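Work through these exercises with the sequence and the 3D view side by side. Try each task before you read its solution.

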Amino acid sequence: MTGDDGLRSSRRPGEVPKSVGLGTLPGPVAVVVGGGGVLGAAQVGVGYALEQRGFVPDLIIGTSVGALNGAIAAAHPGKAAPWLELMWTHVRRREVFPLGYLSSRASIFADRGLRRLIARAGLPSRIEQLEIPFTAVATDLATGDLALLDHGDLESALLASAAIPGVLPPVDREGRTLVDGGVAAFVPVRAALQAGAASVVVLSTGPQSWPLRPAIPSRRARAVASRAGLLMLYHQIQRDLHEVSEQIPTVVLPTGIDTWPAPWDFGHSQRLINTAALAAGCFLDGLRISGPGLYWVDGPPATSAGLGEARTTPVSKVGR
């Protein structure tokens, strides 16, 4: 068969092509997996798109729920998405955030549900035993510095990276008190650069990564706090993405999702997975890399029907 350029293709019908763009990324290539609670289900869909195109990163760096997804991907290179789909479509809120189990004065919930989830993942006991080099990102509660956990006990690293302040208990590890990595690095691309990555592929989640539309929330306390939190994360993510993309190619994979559930509502996982797999696949098939810059879709889809219109747009490029 022939493509639009008239060249004959040897690809069999139904076979997913390898992304030309991914294949031209300079190595080592880091996959960066952000936070976001149940929004991490969308990361599974993006993972499907990457695995179907034969992509395996050189290192993986994750924050919060992205650390758990990333650790599983690091344990099963090229074949983690089906296992992750099974986990995400069966987990329920009460398993991760069980009501009625007050941990201590430091948190609303105990971390026993998260510990069970980690145990069921069949991961090795130490980070060094993962197949792909892996770093879980947490925040040092005393100093506010990033804590890059790339060796030692894996369970405590994942618990620390996901310890939402006030919701799940802080983790004491190696003389530091650690909480959720999203406090300092919701999308830890700077940690990838620090680890020596020559290019970055970002599995971003949620509306925190989109260019924000002006909006005035209702004057209810919850709505004002939610909008303020969104603004805080958005500006943190934008700052970090632009800083890193000035130095290396930084690819932010879209999810194609226009309606997001609450971060604790696990009932939408299958929809998030399916939609993100399609959107990320369309994006990857059109991806072309031309040096350092930020490669992404520059806004949310108007509707899910518009997934095929994803654009690859370098919006920040060295030497332009």
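Predicted model: local features only at pLDDT ≥ 70, side-chain atom pairs only at ≥ 80, totals over all residues.

**Exercise 1. A serine in a loop**

- Step 1. The cut-off for buried is under 20%.
- Step 2. Locate it. Serine 64 sits in the loop between strand S2 (59-63) and H3.
- Step 3. Check phi. Serine 64 has a positive phi of about 60°, although it is not a glycine.

**Exercise 2. A glutamate to compare**

Solution. 
- Step 1. Phi of glutamate 174 is near 50°, a positive value in a residue other than glycine.

**Exercise 3. The whole chain**

Task: State how many helices and strands the chain has, and what share of its residues is buried.

Solution. 
- Step 1. Count the elements. There are 10 helices and 10 strands.
- Step 2. Turn to burial. Of the 320 residues, 50% count as buried.
- Step 3. Look at contacts between residues at least 6 apart in sequence. Of these, 74% join residues at least 24 apart.

**Exercise 4. Helix H9**

Task: Find how far helix H9 reaches and which elements its buried residues pack against.

Solution. 
- Step 1. H9 covers residues 221-245, which is 25 residues. From its first C-alpha to its last it reaches 36 Å, close to the 36 Å expected at 1.5 Å a residue.
- Step 2. List some of its buried residues. Among them are Arg227, Leu233, Tyr234, Ile237, Leu241 and Val244.
- Step 3. Name the partners. The buried residues of H9 pack against helix H8 (189-194), strand S7 (199-203), strand S8 (249-253) and strand S9 (293-296).
- Step 4. Zoom in on aspartate 240, which lies in H9. Its relative accessible area is 1%, so aspartate 240 is buried. Leaving out residues up to four places away in sequence, aspartate 240 touches Val187, Val189 and Arg190.

**Exercise 5. A hairpin**

Task: Describe how strands S3 and S4 pair, and what lies between them.

Solution. 
- Step 1. S3 (residues 134-140) and S4 pair in the antiparallel sense over 4 bridges.
- Step 2. Pick one facing pair. Threonine 139 stands opposite leucine 146 in S4.
- Step 3. S3 and S4 form a hairpin, with 5 residues between them. In the turn, glycine 144 has a positive phi of about 80°.
- Step 4. Sort the faces of S4 (residues 146-149). Ala147 and Leu149 make up the covered face, while Leu146 and Leu148 make up the uncovered one.

**Exercise 6. Cavities**

Task: Say how many cavities of 30 Å³ or more the structure holds, then describe their linings.

Solution. 
- Step 1. The structure holds 2 such cavities.
- Step 2. The largest cavity has about 250 Å³ of space. Its lining has 22 residues, and the closest to its centre are Gly47, Leu50, Glu51, Ala73 and Leu203.
- Step 3. Strand S1 (29-33), helix H2 (40-52), helix H3 (65-75) and helix H4 (81-90) each give two or more residues to this lining. H2 gives the most, with 5 residues.
- Step 4. Classify the lining of the largest cavity: 15 nonpolar, 6 polar and 1 charged.
- Step 5. The second largest cavity has about 30 Å³ of space. Its lining includes Asp111, Leu114, Leu159 and Val171. By class, this lining has 7 nonpolar, no polar and 1 charged residues.

Key. Residues numbered from 1 in each chain as written. Heavy atoms only, no water. Expected span 1.5 Å × (residues − 1). Buried < 20%, exposed > 50% of the residue type's maximum accessible area, 1.4 Å probe, protein only. Contact = heavy atoms within 4.5 Å. 1 Å grid on protein atoms, 1.4 Å probe; cavity = no way out; pocket = protein on both sides within 12 Å on 5 of 7 lines; lining within 4 Å. Points joined across faces, edges and corners; volume = space filled by probe spheres on them. Nonpolar A, V, L, I, M, F, W, Y, C, P; charged D, E, K, R; others polar. Pairing = 2+ DSSP bridges.
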